Amino acid sequence: MIQLQWQLCHPLHLAPKKPIGNFSRPLICFLSPHTLLSCTNSKSSLSSKVSFKCFCHKTENTHEASSQGFSVLAADAPWDHGSLWSTMAFYMFSLHIPLSFGGLSVVANVLREPILDPQIEAISLLGAQILELIAALVLLQSTAKPQYKFVDFFKANKVSEERSWLLASAVGFGFLFMLVFLTSFLADSVVGPKAINNPLLKEILVSSNISKAACVLVYCIVTPVLEETVYRGFLLASISSTMKWQSAVLISSAIFSAAHLSGENSLQLFIIGCVLGCSYCWTGNLRSPILIHSLYNAMTLMITFLS
């Protein structure tokens, strides 16, 4: 991405937004001593010799990304760099960990049941994820710069509209499937095979149709929208404006993996984060990583249910 910068010279003259020659955008003329100007009126002739040298510079919108290169993410993020990490820490310790990892315990204590019924567990998980999603969106909106609205978080820029997010989603999902399969094969060769299905999730899926529907809503809709908004739309977009996009993808993927608090799956989660991050950088559209995330979770649910 290229962010055009210019230094203000004195005096500054703004040309009208009328197309001039090959320029269709506003031109900023920087005036410096050397050009001879003369002013006259109908009554008297007033000659004023002021030296100015005029040259023009074509301006670009800093919110638009350059079409050159892999990443099309905007150079100006909706959040200030100074509040980035404090906002992320608040989300992690005040929303994500209490709701994602402690929500079911709260429900069990309220109902005074040491072991929740699978259907109640599925519905409680859905409620906790929806609450976390709403709270995260409110947090991101309240900490964003005043000129940004809620819909701007999901809006693609002009450059990204030229790239097919559906094609990127298909390629990304296929690439992700191959990488996860390869890493699983290597892990089984090194540390030995492990069970594919999650017995707790399997119990929830086979308990009732309501549990199945709740799991599909959680894993295929709510969670992909929540995690992609936070880790790609917020975190990756913010740090990519201060460093190379490759470094930003690696850092955001590492945080994404650590946030799941799953040591045995940390490598796969990191790889998933990298694929989702690259998809977002190339398309500039959150719909692409959301779709890949949703398809991957749907595949996981299908394998768990059928295994």
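I took helices as DSSP runs of H or I with at least four residues and strands as E runs of at least two, numbered from the N terminus. The model is a predicted one, so I kept local features to pLDDT of at least 70 and side-chain atom pairs to pLDDT 80 or more, while totals for chains, interfaces and linings use all residues. Residues are numbered from 1 along each chain as its sequence is written, and side-chain values use heavy atoms, with hydrogens and water left out.

**Salt bridges**

I looked for a side-chain nitrogen of Lys or Arg within 4 Å of a carboxyl oxygen of Asp or Glu. That gave me two salt bridges. Glu228 pairs with Arg232 at 2.7 Å, N to O. Both residues sit in helix H5, four residues apart, about one turn of the helix. I then checked their cover, taking buried as under 20% relative accessible area, exposed as over 50% and partly exposed as in between (1.4 Å probe, protein chains only). Glu228 counts as buried because its relative accessible area is 0%, and Arg232 is buried, also because its value is 0%.

The other pair I noted is Asp76 with Lys145, whose closest N and O atoms are 2.7 Å apart. This pair links distant parts of the chain, 69 residues apart: Asp76 is in the loop between strand S3 (50-58) and H1, and Lys145 is in the loop between H2 and helix H3 (165-191). Both Asp76 and Lys145 are buried.

**Helix packing**

How do H2 and H5 cross? I found that the axes of H2 (residues 118-143) and H5 (residues 209-239) come within 9 Å and cross at roughly 25 degrees. The axes are lines fitted to C-alpha atoms over the stretch in contact, with angles from 0 to 180 degrees between N-to-C directions. The two helices are therefore roughly parallel, a label for angles under 35 degrees.

**Positive phi and a surface patch**

Most residues other than glycine have a negative phi, so I looked up the exceptions. Arg112 has a positive phi of about 55 degrees; this residue is in the loop between H1 and H2 and is exposed at 76% relative accessibility. Leu261 has a phi near 50 degrees and lies in the loop between helix H6 (245-258) and helix H7 (266-283). Leu261 is exposed, at 57%.

Leu261 turned up again in my patch search: with Phe93, Ile97 and Phe101, Leu261 makes a nonpolar surface patch of about 420 Å². Ile97 is in helix H1 (residues 84-111) and is partly exposed at 30%.

Definitions and conventions. Patch = residues over 30% accessible without salt bridge, like charges linked within 9 Å, V, L, I, M, F, W, Y side chains within 5 Å. Areas by Shrake-Rupley, 256 points an atom, 1.4 Å probe, with all protein chains shown as cover. Parallel < 35°, antiparallel > 145°, perpendicular 65-115°, else oblique.
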